[in-house]
Amino acid sequence: MSCSAFLKETVMSLEDDLFIELRDILIDNYLTMFLLPKEDLTPPALAEKLCDYFEKIELKTGKTFLKTVEKYTADLDSVIREKIAKEPKPKKGLPAPPIPRARKYYDRASGLKKQTSDSYCELLDYTRIMLCLYNAIQNSENKEIDDFDLSISKLNLTAITEALLKEPAALGKKMKFDTKESYGSDRSTFILLIILYYYMKSKEIKGEYEG
């Protein structure tokens, strides 16, 4: 999956209202414009701007676009995996207890994670499951979950990104994510998340996303 093909499939396929929301969030918070007003950015122009952005990410971090996608999937996994209920161990002589629904879908997402570099569908399904799991974790006040709602309509992008920015690092008092650096790998994770969120919304509106 190349960067240009990814952006054609996502950014350039959005309906006008979703594109405008995406454009405004990215330009207001993550991308820098010097001359052209954001209102003049068409889908191809924004896709071109994003291509340039990911090229600069590669120059600065050494990560190709596929490696950037891999970091995005790993970042989501890192804030979710410890909050998913474990598969219960069967007791001797008794039927195996049911696997928690959240565990079933997390395991499914873990399988999809290995294929996200090659397929939009797998990347989209992975994102949907993981964001819905993360939403349930936040609604449970960051406690372990055994069930969740897989509905995209229940997702709030602002709430998700704000919660991610408050995630603590494994050690010390710093936060896990720091998006202040223009061409840092954390900012690229948030940009990919936002693009994929609006792509999911477009599929939902068109009735193409059955999950």
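This is a predicted model: local features need pLDDT of at least 70, side-chain atom pairs count only at pLDDT 80 or more; totals for chains, interfaces and linings use all residues.
Analyst: Residues are numbered from 1 along each chain as its sequence is written, and side-chain values use heavy atoms, with hydrogens and water left out.

User: How do you know how many helices and strands the protein has?

Analyst: Helices (H or I, at least four residues) and strands (E, at least two) are DSSP runs, numbered from the N terminus. Counted this way, the protein has eight helices and zero strands, and its pattern along the sequence is α-α-α-α-α-α-α-α.

User: What makes the protein as compact as a globular protein of that length?

Analyst: The radius of gyration is taken over C-alpha atoms, and the globule rule is 2.2 Å times the number of residues to the power 0.38. For 211 residues the rule gives 17 Å and the protein has 18 Å, which is close, so the protein is as compact as a globular protein of that length. Its C-alpha atoms fill a box of roughly 70 × 45 × 30 Å along the principal axes.

User: Why is Leu50 called buried?

Analyst: Buried means under 20% relative accessible area, exposed over 50%, and partly exposed in between (1.4 Å probe, protein chains only). Leu50, which is found in helix α3, has 0% relative accessibility and therefore counts as buried. Of the 211 residues in the protein, 45% are buried.

User: Are Glu141 and Asn142 buried or exposed, or in between?

Analyst: Glu141 has a relative accessible area of 63%, so it is exposed, whereas Asn142, at 33%, counts as partly exposed. Glu141 is in the loop between α6 (120–139) and α7 (157–165), and Asn142 lies in the loop between α6 and α7. Phi is near 60° in Glu141, a positive value in a residue other than glycine, and phi of Asn142 is near 65°, again positive in a residue other than glycine.

User: Why is the pair of Tyr53 and Phe54 called edge-to-face?

Analyst: Rings of Phe, Tyr and Trp (its six-membered ring) pair if their centres lie within 6.5 Å, and planes under 30 degrees apart count as stacked, over 60 as edge-to-face and the rest as tilted. The structure holds eight aromatic pairs. In the pair of Tyr53 and Phe54 the ring centres are 5.5 Å apart and the planes stand at 80°, so this pair is edge-to-face. Both Tyr53 and Phe54 are buried, and together with Phe6, Phe65 and Tyr183 they form one aromatic cluster.

User: What makes Arg101 a charge over the ring of Phe148?

Analyst: A charge sits over a ring if NZ of Lys or CZ of Arg is within 6 Å of the ring centre and within 35 degrees of the ring normal. The charged end of Arg101 sits over the ring of Phe148, 4.9 Å from its centre, and Lys176 lies over the face of Phe177, at 5.5 Å from the ring centre.

User: Which residues in the lining of the second largest pocket come from helix α3, or rather, how many?

Analyst: Helix α3 (residues 43–61) gives four residues, the largest share of that lining. The residues lining the second largest pocket include Lys49, Asp52, Tyr53 and Lys56, as well as Tyr183 and Arg187.

Conventions:
On a 1 Å grid over the protein atoms alone, a cavity is a set of points where a 1.4 Å probe fits but cannot get out, and a pocket is an open set with protein on both sides within 12 Å along at least five of seven lines; lining residues have an atom within 4 Å of a point.
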